[in-house]
Amino acid sequence: MGEIRRFLRDDSPVKVSRSLKETAFKVNRTKENLSKELGREPTIGEISSALDIPVEEIVEAMEAVQLPSSIHDTVYE
Amino acid sequence: MSTDNLGKLENRVQLKLLSVPENIGLCRVVVASVAARKDLTLNELEEIKVAVSEAVSNAIIHGYDNNPDGIIFLEVKRFEKGLEILVEDKGKGIEDVEKAIEPAYSSNPERIGLGFVFMKSFMDRVEVDSRVGEGTRVRLVKKWPANGEEG
Amino acid sequence: MSTDNLGKLENRVQLKLLSVPENIGLCRVVVASVAARKDLTLNELEEIKVAVSEAVSNAIIHGYDNNPDGIIFLEVKRFEKGLEILVEDKGKGIEDVEKAIEPAYSSNPERIGLGFVFMKSFMDRVEVDSRVGEGTRVRLVKKWPANGEEG
Ligand SMILES: Nc1ncnc2c1ncn2[C@@H]1O[C@H](COP(=O)(O)OP(=O)(O)O)[C@@H](O)[C@H]1O
Ligand SMILES: Nc1ncnc2c1ncn2[C@@H]1O[C@H](COP(=O)(O)OP(=O)(O)O)[C@@H](O)[C@H]1O
Ligand SMILES: [Mg+2]
Ligand SMILES: [Mg+2]
């Protein structure tokens, strides 16, 4: 069933997922551009259509590049 | 427990998870995916995630005193007009809720005591229900803001 | 139900969610965040997510006939040596499991019938436990591959 492994091989370790970081970078850049254009913060839907990236992926990417998940993590560690 | 008229239920997810710090991130992701409506801004989503992080980290740090064997319950319900989140632990409970939610109060002198302040400033409703020796339940409600062109 | 010696339990998350299509994505994200702690490659993680998507979409499409009021149970346990995933529905059940898991078999002539093929090819163990009129439980096990230096 090896032929079913039709996915683009990406053997980079999960923790440094380059594609998610790239998505997050694009999302932040688009957010800034749209903010200037619209004169307000864009919605997730507006960013999603500008980049043609599904909302689900935007959410995942933004979380993946998150710093401490709580201001408390620093205290906790 | 108050009621908010949030309209029709669109999605509902319940989680039961171990009180390990890595699950703070998991709760954030779950809440973000259920909450992620097209007409929210990333900042609004981020605020909801911060409120959830605070409630879940309180359950781990205070409720279970960092014991990784505790069970945390998370429930996320998305309605037409808003989001309701419940975070529950069966940990040690809070003796004086009024005092606990005061800004800058912490039972631990090394902590800054702003968790409830964040929850209150980012959510439309914060309710704390706690019993010493039985546990704590925090209910967070966020009404959808009017964003975008129609906003 | 077989046992696999997967070593010490590191994390455990249980979910109960509505059988709405948007929860397929949620299950993928939850499994990915529990699994992603290990020295997995992106590709291996993607395969696990595909297997989970197939099991959860089967529960929605076949188990509950796309009825959004059904309840799906997902359990993810990360052990020292592998991952165990349970996907359960209380839907219509499978009459003939042997036939259902055959490649290219589908009870729906418009579908391609490769869900179980994907699960089997991406996971180390796939077990199906089903009773007509009661529901279906799929157990998926993935042993951590030996990657990197120790590999
Ligand atoms: N789930 C909980 N179980 C027991 N005590 C809690 C819980 N959540 C909050 N508390 C109490 O409320 C206090 C204030 O919480 P918070 O505002 O988040 O500040 P901090 O976490 O920095 O102490 C905590 O110091 C603790 O005593
Ligand atoms: N959770 C379930 N409940 C009821 N029937 C199921 C379930 N999962 C799978 N089946 C049955 O097994 C068959 C094969 O499943 P699968 O290999 O995923 O192919 P497909 O989903 O394309 O039909 C389905 O067509 C269906 O009849
Ligand atoms: Mg706190
Ligand atoms: Mg299928």
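Ligand 1 lies between chains A and B of what is a predicted model, in which local features need pLDDT of at least 70, side-chain atom pairs count only at pLDDT 80 or more, and totals for chains, interfaces and linings use all residues. Residues are numbered from 1 along each chain as its sequence is written, chains are lettered from A and ligands numbered from 1 in the order in which they are written, and side-chain values use heavy atoms, with hydrogens and water left out.

## The two ligands

Ligand 1 is surrounded by 19 residues, the closest being Asn58(B), His62(B), Ser106(B), Ser107(B) and Gly113(B); a residue counts as near a molecule or strand if one of its heavy atoms lies within 4 Å of it. Ligand 2 has 18 residues around it, of which His62(C), Asp89(C), Ser106(C), Ser107(C) and Gly113(C) come nearest. The table lists polar pairs for both ligands, where a polar contact is a pair of N or O atoms within 3.5 Å; within protein, one atom must be able to donate a hydrogen and the other to accept it, and residues adjacent in sequence count only if both atoms are side-chain atoms.

| Ligand atom | Residue and part | Distance |
|---|---|---|
| Ligand 1, oxygen | Ser106(B), side chain | 2.5 Å |
| Ligand 1, oxygen | Ser107(B), side chain | 2.5 Å |
| Ligand 1, oxygen | Gly115(B), backbone | 3.2 Å |
| Ligand 2, nitrogen | Gly63(C), backbone | 3.3 Å |
| Ligand 2, nitrogen | Asp89(C), side chain | 2.9 Å |
| Ligand 2, oxygen | Ser107(C), side chain | 2.5 Å |

## Chain B against chain A

Of the area that chain B buries against chain A, 25% comes from Lys38(B), Leu42(B) and Arg111(B), more than from any other three residues.

Between chain B and chain A the count is 2 salt bridges, a salt bridge being a side-chain nitrogen of Lys or Arg within 4 Å of a carboxyl oxygen of Asp or Glu. One of them joins Arg28(B) to Glu63(A), with the closest N and O atoms 3.0 Å apart. Across this interface of chain B and chain A there are also 8 residue pairs in polar contact, both residues being at pLDDT 80 or more.

## Chain C against chain B

Here the contact takes 18 residues from chain C and 17 residues from chain B, and the two chains bury about 1500 Å² between them, with 52% of it on carbon and sulfur atoms. Between chain C and chain B the count is 2 salt bridges, including that of Arg78(B) with Glu22(C), in which the closest N and O atoms are 2.8 Å apart. The polar contacts across the interface of chain C and chain B come to 10 residue pairs, both residues at pLDDT 80 or more. Strand S1 (9-18) and helix H1 (22-35) of chain C each supply at least two residues of the side that touches chain B, to which S1(C) gives the most, with 8 residues.

Strand S1 (residues 9-18) of chain B pairs with S1(C) in the antiparallel sense over 5 bridges, strands being counted as paired if DSSP finds at least two bridges between them. Within this pairing, Leu15(B) has Leu15(C) as its bridge partner.

Over all chains the count comes to 27 salt bridges, among them that of Arg12(B) with Glu75(B), whose closest N and O atoms are 3.2 Å apart. Arg12(B) lies in strand S1 of chain B and Glu75(B) in strand S2 (residues 71-79) of chain B, so the pair ties together parts that are 63 residues apart in sequence.

Notes: Contact means heavy atoms within 4.5 Å. Buried area is the accessible area (1.4 Å probe) that two parts lose on being put together, summed over both. Helices (H or I, at least four residues) and strands (E, at least two) are DSSP runs, numbered from the N terminus.
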